Amino acid sequence: MAARDTSAPADGAAGEAPDLITLGRRIRHARTSRGLTLEALGERVGSAPSLLSLVENGRREPRLSLLRAIAEAVGVPVPDLLAEEPPSRRAELEIALERAQRGPIFASLRLPGIKPSQRLSMPVLEHLVGLHAELARREEEAIATPEEARRANTELRREREDRDNYLPQLEAVAEELTVKAGYAGAGALTHRTVARMAEQMGFTILHVDDLPRSARSVTDLKNGRIYLPPASIPGGHGLRSLALQAIAHRVLGHERPRSYAEFLRQRVEITYFAASCLIPQSVAVEFLTRRKREKDLAVEDFRDAFGVTHEAAAMRMTNLATVHLGIPLHFLRVGDDGALFRGYANDGLPLPRDVTGAIEGQLVCRWWAGREAFTRRDRATESYQYTDTPAGTFWDSVQTGTAADGRQFSITVGVPYAHAKWFRGRDTHVRRSSTCPDPACCQRPPADLADRWEGVAWPSARMHQQVLAALPRGAFPGVDDTDVFAFLQQHAPPDDGAS
């Protein structure tokens, strides 16, 4: 690649590096439109035809002085040559074929390349580009396995822990938009305020009772509509969150995910954005700081102050407590079978992990507060517990709940012993001891039970089919495109061609 011309770009051209393949095709299109050969253009700009050929094929970046000379010779402004879109459908196909043949998938095939020259007919180009696109799609499908999902999810969790689960850019954007929409700076974010936020982004929120089963919400980008479930859901926190997550894709400039890892990252970002809107940073930090000063921090109070679910309030504390209050902490959602559904820890709690480092689906210790809570009769309010572990003593606050499928779960927020002094419930006398991951702690049955039943028990395990299947294919994993498109067709405005 040639050295960059350090002089200022002419005609207002951007100083960023151009896409060389597209630039080359635009130069070729301009040259041939003027009826010039490479030799004729070379004479006009004082460059060898071989160099110009490299430029047109996207294999050499022209100096700015050469680019200006070419623009003058072909009678096209420099900014037009630097435009991002291909000059024609044929050029678009040639660019796609060139890029595909420079990629790792084509390299792995060990096939000779095909030069996208004028000798290739349009149907042949269409077929070649289509075949490469299908190869790329199948390659993505092949890696969309549960193992790939766990790996990507583990990387995301480690990133969040490294940054204390705090994303300042999203905090700032959420704060600005909620204030602009009229949030008064106290209490719950109303449905009307969320609707105004959607309107500011060019969307109208509509509640329907026939959403595709595979979708939580559907956004019609063409007609500016966000479709949500019926508005009769008690409390409405879920609907506000779903609307904000749909808005977040536009606010954050998301494009269709190209991999499962990118899909997961987008989910993390839209969930964070929605939480930052429902519990705005400035008001939340003031609330938590005051309660810390009073040594009366409690997730249930944080939840009630902003009208959200217990889980949402608990997760939001992980965003703010470390950065703004100096409190490391952990969060767990545990099923009634003891399996960890979601977890976060930047305080040293030894979360159970498999050999890859993933925590999802791992059994937490029987003596941890998140499982002990299921043995208590009174579950209406938070319960508290100290747990001694090989990594130290931790204090936990736990609230149980019931999911839509009827399964019970617990939400745990906990801190190291030294930070329990800031929380309500620190005076609990409930204390347990855990030596996990030592199997002798709780993974092995008591000796008397093992002596009696080992070798004569044969339970039928509950099988989760998803452990065998690849992740659903498509740009949005798990979503049935046919159902979504049929839904949009049915609900589209009459002038949009809906039947």
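Biologist: In which helix is histidine 127 found?

Modeller: Histidine 127 sits in helix α8, which covers residues 122-143; helices here are DSSP runs of H or I with at least four residues, strands are E runs of at least two, and both are numbered from the N terminus. This is a predicted model, in which local features need pLDDT of at least 70 and side-chain atom pairs count only at pLDDT 80 or more, while totals for chains, interfaces and linings use all residues. Residues are numbered from 1 along each chain as its sequence is written, and side-chain values use heavy atoms, with hydrogens and water left out.

Biologist: Why does histidine 127 count as exposed?

Modeller: Exposed means over 50% relative accessible area, buried means under 20%, and partly exposed lies in between, with a 1.4 Å probe and protein chains only. Histidine 127 has 58% relative accessibility, and therefore counts as exposed.

Biologist: What makes the contact between glutamate 56 and arginine 28 a salt bridge?

Modeller: The term requires a side-chain nitrogen of Lys or Arg within 4 Å of a carboxyl oxygen of Asp or Glu. For glutamate 56 and arginine 28 the N to O distance is 3.3 Å, so the pair meets that rule. Glutamate 56 belongs to helix α3 (residues 49-56) and arginine 28 to helix α1 (residues 20-33), so the bridge ties together parts that are 28 residues apart in sequence.

Biologist: How do you know that glutamate 56 and arginine 28 are buried?

Modeller: Glutamate 56 has a relative accessibility of 2% and therefore counts as buried, and arginine 28, at 16%, is buried as well.

Biologist: Why is the pair of aspartate 354 and arginine 150 called a salt bridge, and what does it tie together?

Modeller: Their side chains meet at 2.5 Å, N to O, which is within the cut-off and so qualifies as a salt bridge. Aspartate 354 lies in the loop between β5 (340-345) and α17 (369-372), whereas arginine 150 lies in helix α9 (residues 146-162), so the pair connects parts 204 residues apart in sequence. Aspartate 354 is partly exposed at 22%, and arginine 150, at 26%, counts as partly exposed too.

Biologist: How many salt bridges does the rule give?

Modeller: By that rule the count comes to 30 salt bridges.
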